[in-house]
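Colleague: I should like to learn how to read a few features of a model. May we take them in turn?

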Amino acid sequence: MLLVIAAAVLLATVPMAGGNLKLLGELDIKATWTVLLSCAIQVGITSLIRGGSHEVHVLLHFASYALVAWFLIANRHMFGMPIVALGAALNVLAISANDGTMPASAFALRVSGIDTSGGFENSGLVSHAHLWFLGDIIPVPGPWPIGNVLSIGDLLIYAGGFIVLHFACQSRLAWRRRLATT
């Protein structure tokens, strides 16, 4: 839910920075189905069907990231997309190093109000976590739907999305546009 809220706030910043949201219709976005399927898999394994085989959940978790990678490669031509890809790669690195779970700090989980008891968690407490500093260590306080935990990779994904959107919508924040017109 935090991602949806962040996306809405991000979209609201475009007109405030003199950008034109109508330009989004002109974007040549490829393989959108991969992101939609990835989201469906993530919702399925973290909310709808949390029980069952841990191995199947981990396999599906990695499959969802493979679909995201497909999307990122297909859209690498978009300015800012390499930053999104770097954030996703850091997340996959942390998840891979911890047997399919993004390690989260107990402090971040407590502050965010997230309950990790029961079923598969794409993010949770991991004993002796590897690459813990790439895990979900940044708390976003609050009850659901705001409370969440973020990683450095997540922050890069948000920053990359901000750049993609503002360049696509030609806002004042897109310095590349200004350089091209001078």
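Colleague: What should the 16 residues of helix 4 span at 1.5 Å a residue?

Modeller: This is a predicted model, in which local features need pLDDT of at least 70, side-chain atom pairs count only at pLDDT 80 or more, and totals for chains, interfaces and linings use all residues. Residues are numbered from 1 along each chain as its sequence is written, and side-chain values use heavy atoms, with hydrogens and water left out. Helices (H or I, at least four residues) and strands (E, at least two) are DSSP runs numbered from the N terminus. The expected span is 1.5 Å times one less than the number of residues. Helix 4 (residues 81–96) should therefore span 22 Å, and its end C-alpha atoms are 22 Å apart, in agreement.

Colleague: Which residues of helix 4 are buried?

Modeller: Buried means under 20% relative accessible area, exposed over 50%, and partly exposed in between (1.4 Å probe, protein chains only). Those buried in helix 4 include Met-81, Val-84, Leu-90 and Ile-95. The buried residues of this helix pack against helix 3 (54–74), strand 1 (102–103) and helix 6 (152–168), contact being heavy atoms within 4.5 Å.

Colleague: How many aromatic pairs are there?

Modeller: A pair of aromatic rings is described by the distance of the centres and the angle of the planes. Rings of Phe, Tyr and Trp (its six-membered ring) pair if their centres lie within 6.5 Å; planes under 30 degrees apart count as stacked, over 60 as edge-to-face and the rest as tilted. The count comes to 3 aromatic pairs. Among them, Phe-79 and Phe-167 are tilted, at 4.2 Å centre to centre and 35° between the planes.

Colleague: Where in the chain do Phe-79 and Phe-167 lie?

Modeller: Phe-79 lies in the loop between helix 3 and helix 4, and Phe-167 in helix 6, 88 residues apart. Phe-167 is buried because its relative accessible area is 15%.
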